[in-house]
Each structure stands twice: as structure tokens, then as C-alpha cells.
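Thanks for coming, everyone. Let me put a structure on the screen and walk you through it.

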Amino acid sequence: MVAWADYKADAKSRGALALELYVATSTPAKEQQDVKASLPDHLAYQAELERAGSLAFAGPMSDQTGEQMQGIGMIVYRAESLEAARVFADGDPM
């Protein structure tokens, strides 16, 4: 098995981006009205991370039919490490 750092260095030498991406899923732990109330701050935080280049993708997820909102979100961070991605996730007002 190849060490991750070695693999990334080799991939970059071949021209690959070799981005460090971390996926977080969010499940509301509060009442719906509280989630809606925190939405503006949540979106502003995500916009800030996107401007800084630390947010790759984010959005709500539907059920398998694509017709019903599940209430679950998925966020993909660009970060130097898992710890750095956790800092981004912990800083989210949602």
C-alpha cells in the first residue's frame, strides 16, 4: 500500500489537482423553525468559505425519488487536513 502523501505528490507531478476534499453530512438536531432561523447565517458562512476557496460544494439532499426534501445536507470542504475540515464544520452556525 502507498502512503497517502507519496500518492498525492506523485499525482501532482503527473498534473493531477490532488485536492484534499472532505465530505460532511448535516442532519438537523433542532426544530424546523430553529433551522430556518439559522439559515441566513449558515448561507453567509458557506459563502465566506466559498470565497476563500474552502467550500467545494454544498446543498440539501432529496430522497431517492428526487421529489421529497430529506432535511439532510451535504457539504464538501477543501482543507489541508481532516482537522481543518472539522474546524470549518464546527464553525457553521447551522
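Some ground rules. This is a predicted model, where local features need pLDDT of at least 70, side-chain atom pairs count only at pLDDT 80 or more, and totals for chains, interfaces and linings use all residues. Residues are numbered from 1 along each chain as its sequence is written, and side-chain values use heavy atoms, with hydrogens and water left out.

Start with the sheet. It is open, has three strands in the order E1-E3-E2, and its pairing is antiparallel. Strands here are DSSP runs of E, at least two residues, and helices are runs of H or I, at least four residues, both numbered from the N terminus. Two strands pair if DSSP finds at least two bridges between them. Which strands sit at the edges? Strand E1 (21-26) and strand E2 (55-62), each pairing on one side only. On average, neighbouring strands are turned by 15° against each other, direction ignored. Six bridges join E1 to strand E3, residues 69-78. For one of the pairings, look at alanine 24: its bridge partner in E3 is isoleucine 75.

Now the helices. Helix H2, residues 32-51, packs on the sheet and touches E2 and E3. Its direction makes about 145° with that of E2. H3 packs on the sheet too, touching E1 and E3, at about 135° to the direction of E3. Axes are lines fitted to C-alpha atoms, for helices over the stretch in contact, and angles run from 0 to 180 degrees between N-to-C directions. Contact means heavy atoms within 4.5 Å.

Next, aspartate 92. Find it in the segment after helix H3 (82-90). Buried means under 20% relative accessible area, exposed over 50%, partly exposed in between, with a 1.4 Å probe and protein chains only. The aspartate 92 side chain does make a polar contact with the side chain of histidine 42, at 2.7 Å.

Serine 38 lies in helix H2. Its relative accessibility is 14%, so serine 38 counts as buried.

Last, alanine 18, in the loop between helix H1 (4-13) and E1. Its phi is positive, about 50°, although it is not a glycine.

How values were computed: A polar contact is a pair of N or O atoms within 3.5 Å; within protein, one must be able to donate a hydrogen and the other to accept it, and residues adjacent in sequence count only if both atoms are side-chain atoms.
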